[in-house]
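Please keep the sequence and the structure in view while reading.

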Amino acid sequence: MGNLRANDPIRIFAKRFYCARSERIVDVPVDVRRIKTGFDPEISRLNFQLKDLVRTNQIAKARQLFDEMPCKNTCSVNMMVSGYVKSRNLSRARELFDSMLSRNEVSWTTMIGGYSQNNQPKEAFSLYTGMCRSGIKPDHITFATLLSGFDGTTTLKEVLQIHSHIIRFGFSSSLIVCNSLVDSYCKTSCLDIASQLFCEMSTKDSVSFNVMITGYTKYGFREEASKLFMQMRNMGFQPSDFTFAAVLGLSAESDDVIFGQQIHGLAIKTSYVWDIFVANALLDFYSKHDYIDFAKNLFDELPELDGVSYNIIITGYAWNGQYEKSFDLFKRLQCTTFDRKNFPFPTMLSVAATELNLAMGRQIHAQAVVTTADSEVQVGNALVDMYAKCEKFDEANRIFQNLAYRSSVPWTAIISIYVQKGFHEEALRMFKDMTRENVHGDQATFASTLKASASLASVSLGKQLHSSVIRLGLMSSVFSGSVLVDMYAKCGSMKDAIEVFKEMPDRNIVCWNALISAYAQNGDAEATFRSFRDMIESGLYPDSVSFLSVLTACSHRGLVEKALWYFNSMMQVYNLDARREHYATMIDVLCRSGRFNEAEKMISEMPFEPDEIMWSSVLNSCRIHKNQDLAKKAADQLFKMDALRDAAAYVNMSNIYAEAGKWENAAKVKKAMRERGVKKVTAYSWVEIDHRVHVFTANDRTHPQTGQIRRKIDSLVELMDKEGYKPDTSCTLQNVDEEMKAESLKYHSERLAIAFALISTPEGSPIIIMKNLRACVDCHAAIKVISKIVGREITVRDSSRFHHFRGGSCSCEDYW
C-alpha cells in the first residue's frame, strides 16, 4: 500500500506554481475531493497525457487530445488553460476559461497568473474581483500570483484592498504572501508601509530582504539599503543575484566606490560573479564610476555574455567620450546572435548627435528601422535629438510627429536644439504646443525655455515659467534657481534675480556663478566683486566661470589693473588654467583701454592661436582709439579666416576708413565683402508690450502704428534740442550731407522701439529694449537725454552689455 500510495496518480498529478521572487515550488493537490467521490480512471489517464503534452509545450497536440476526450473534468480544463497561459496565448486561455461550467481556485489562479505574467495587472485584478464575487475563496497561491503582477500602474488603493483580503482570509502570516505584499507596496512607492510590514513579519527569508533592499535601492535610499544588506548578512541569509544587482545598482548611483568593490569581493567569494545578472550589474557599476577599462577587463573575462553586457560597455565608452571604441564594440555586437531589436541604438544615436555625424546617424536609423526598434520610445527620442542636433529639423519634426508616445523628452530635445541654434521663437512655440498637449516639462525643459525667454527678454513669459516651476515643485533644485536668476538678469530685472537667489534653500557654485554673471552683465562691477568674495567666504572655491564673469565686469568698467590681478590670481592662487575665453576677455580689457602693446604681447604668448572673437575685439577697439595700423593687421587676420560668423569685420574696417575720410579704401573693403559673399547683419531692436514682442529695424515703416511712433520721435527731437542735444553725424558713415545723416539717426531701431514703448505704456513705468548689435554713440547720447525728458528708467540690452539710463545718465558711465 505504501508504494501504491507514493505513486498514486492523485498524489503525482498536482499543479505546480512558481511565484516570482519566492524561489519556492509549491505543490497544491488538485481535484482531491472529486477523486475521493469517484474519479473516473479513464479521465485520470487522459489528464496525465494532457499534462505531459502541456509540460513539453506541445499545445496543438494537447488541444487535439483535449477535444477528443469523451469526458472532462475541471482538472482537464485547468490543464488546458495553463497550457495556453504557458504559451502566452491569453485570448484562447480566456475563451476556454469563460466556457467553464465549474471553476475552482486553481482555475481562477491560473488565469490570474496568465495576466500577471504578461504585464496586465489591471486584468488580473479584475479577474480576482470576479473570483471573489463567484464565491470561490482565494488561497495563498492566488494572492502571491496576483501580487507578483502588480507594477507602477497599480494604485495604493488596490494594494490596500488586497492586503485587507489577505488578513480576512487568514494569510497574513504566509511568508510567500508577505514577501509579495512588501514588493507591491514598494512598486507603488509606499516604502513606509512596506518597511513597517517587513519589520512586523514574524518569519523572513532571503526573498524578504531582497524585496526590501530592491525597494530602497529603486528610490535612492542608499543608507537604509546598506543597513538592511548588513542585517541580512548578519542573520546568515545568503544574498541572491537579485540582492547583488540591487546593491550594486545603488552603488552605481553613489560616490562610494569602495562599498561597490566590497560587494564585488563578496560576489567572487559566493561565486555569483559569474552569474550574468550580477556580472552585468558589476559592469554597470564600474562604467558609471569611470572605471571603464576595469569594466572592459571584466567583460573580456566573463565566460558568458548577453546583449545587456555589450550595451553597458558600449554606453560606458560613449559616456567617457571614447566614441571610436564604442563604435567598434557596436560593430562586434552586430556579429552576435543577440536580439538586434535590443541593440543600444539610443547610445549610438547620441554619439552621432554629439559628433554631428549625420551619415552615421542615418546608418543607425536604418538598422533601427530594419529591427523595428525605431518604434521603441527611447530610440524615437534619440532619433529626434540626433536629427535636430544635425540641423535636419524637417526630419526631426517628421519623426517627432510620428512618435506613438510623446513624453517631455522629445519635446525638450527639439526645444533645446532650437535654443542652441538661436531659434528662440520656434523654441517658445514648441513649448506652447507641448503645454497644449498637457505634457509636463522637467528641469531640462524649463531650463531651455527660460533661456529662450531670456534671449528674447520676455520677462512676462519668464514669470509664467517661474510660476510653473514653483507649481511643479522644481524650485528646490539649485539648477532651476540658477536658470531663473540668469533669466531675470538677462531681462534686465536684477531685483527679481536677487530675490530668487536669496530664496534658494541651497546654493552651490552654479548658483553663485549665475548671480556673479548677472551683476557683470548689468555692468555693476562692485556688486560683482562683492558677490565673488561672498561666495568664497561661504566656503566655495571659484571656478573658471566665476573668473570669466569677474573679468567681464572689469572689461565693462575699464578696470585694467583689477582684471590683471584677478587673471593672475586665477592661475597662481587657485591653480586654474586660463581658457580661450579668459584670454579673449583680457585682450578686450587691454584694447578697450588703449593698451595695445600689452594686448599684442598677450596674444603672442598665449597657448592658443587668436580666433575671430579676439581679433574682432582688437578691431573694435582700434576704431574707438583711431589705431588704423593695428586695425588693418587685425582685419587682415580676420579676412584670412576660412569661415566668419558675419560681415562685422568688413563693416568695421570699412567704417574705420570712412571715419578717416578714406572713401576709396572703404569701398574696396565693401567690394571684398560682396565678393566673399558674407552679409552684414541687420540691426534690429525689440520691446515686449502686453505679452507681445514688437520688432523694429532702422527707418522701419512696417509697424501698424508707424505714424504715431514717428510723431512721438519728432516731438522728442524738439525737446532734445532744448536740452542741448546735438546729433553725432560721424555715426552715419555715408557720403551724404549732414542734414540727411541727422535725419537717418532719428529712426535707428532702438529709438523706434523706445518711442513705441512711450506711447504704449503708462507714464513713469520703466522701459526695457533689446538690440541684437552694439548701440551707436549717438543713440547712447540720445537715450540719456530722452530718459531725462520723459522721467523714466530706460534699460537697453545690446550685444555687449546692459545700459540703464536714468535722469540723463547711463550706468556704464559712457564707457562701453
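In this report, a residue is called buried when its relative accessible area is under 20%, exposed when that area is over 50%, and partly exposed in between, with a 1.4 Å probe and protein chains only as cover. The model is a predicted one, in which local features need pLDDT of at least 70 and side-chain atom pairs count only at pLDDT 80 or more, while totals for chains, interfaces and linings use all residues. Residues are numbered from 1 along each chain as its sequence is written, and side-chain values use heavy atoms, with hydrogens and water left out.

## Domains

The domain assignment divides the chain into domain 1 (37-95), domain 2 (103-184), domain 3 (406-506), domain 4 (508-610) and domain 5 (684-810). Such bounds come from an automatic or database domain assignment. Between the C-alpha centres of domain 1 and domain 4 there is a distance of 81 Å.

## Two residues with positive phi

Helices and strands are named here from DSSP runs, numbered from the N terminus: a helix is a run of H or I of at least four residues, and a strand is a run of E of at least two. N57 lies in the loop between α4 (41-55) and α5 (59-68). Although N57 is not a glycine, its phi is positive, at about 65°. N57 counts as partly exposed because its relative accessibility is 44%.

K626 occupies the loop between α38 (612-625) and α39 (628-640). This residue, also other than glycine, has a positive phi near 60°. With a relative accessibility of 60%, K626 counts as exposed.

## Salt bridges

Side chains of opposite charge can pair when their charged atoms come close. A salt bridge is counted when a side-chain nitrogen of Lys or Arg is within 4 Å of a carboxyl oxygen of Asp or Glu. By this rule, the whole structure contains 34 salt bridges.

How far apart are D52 and R55 in helix α4? They are three residues apart, and therefore separated by about one helical turn. D52 is partly exposed, with a relative accessible area of 38%, whereas R55 counts as exposed at 53% relative accessibility.

R362 is partly exposed, with a relative accessible area of 36%, while E395 is buried, at 18%.

R580 counts as partly exposed because its relative accessibility is 30%.

Salt bridges also link R429, D433 and R436 in a network.

## Surface patches

A patch is made of residues with over 30% relative accessible area and no salt bridge; like charges are joined within 9 Å, and nonpolar side chains (Val, Leu, Ile, Met, Phe, Trp, Tyr) within 5 Å. Accessible areas come from the Shrake-Rupley method with a 1.4 Å probe, and for residues only the protein chains shown count as cover.

A nonpolar patch on the surface is made by Y684, V693 and V695, which together have about 230 Å² of accessible area. V695 lies in strand β4 (residues 692-697) and is partly exposed, at 47% relative accessibility.

## Sequence and space

L456 is placed in the loop between α28 (443-455) and α29 (459-471), and is buried, with a relative accessible area of 12%. L456 and M770 are 314 residues apart in sequence, and their C-alpha atoms are 7.8 Å apart in space.

S448 is found in helix α28 and counts as buried at 11% relative accessibility. S448 and A246 are 202 residues apart along the chain, and 34 Å separates their C-alpha atoms.
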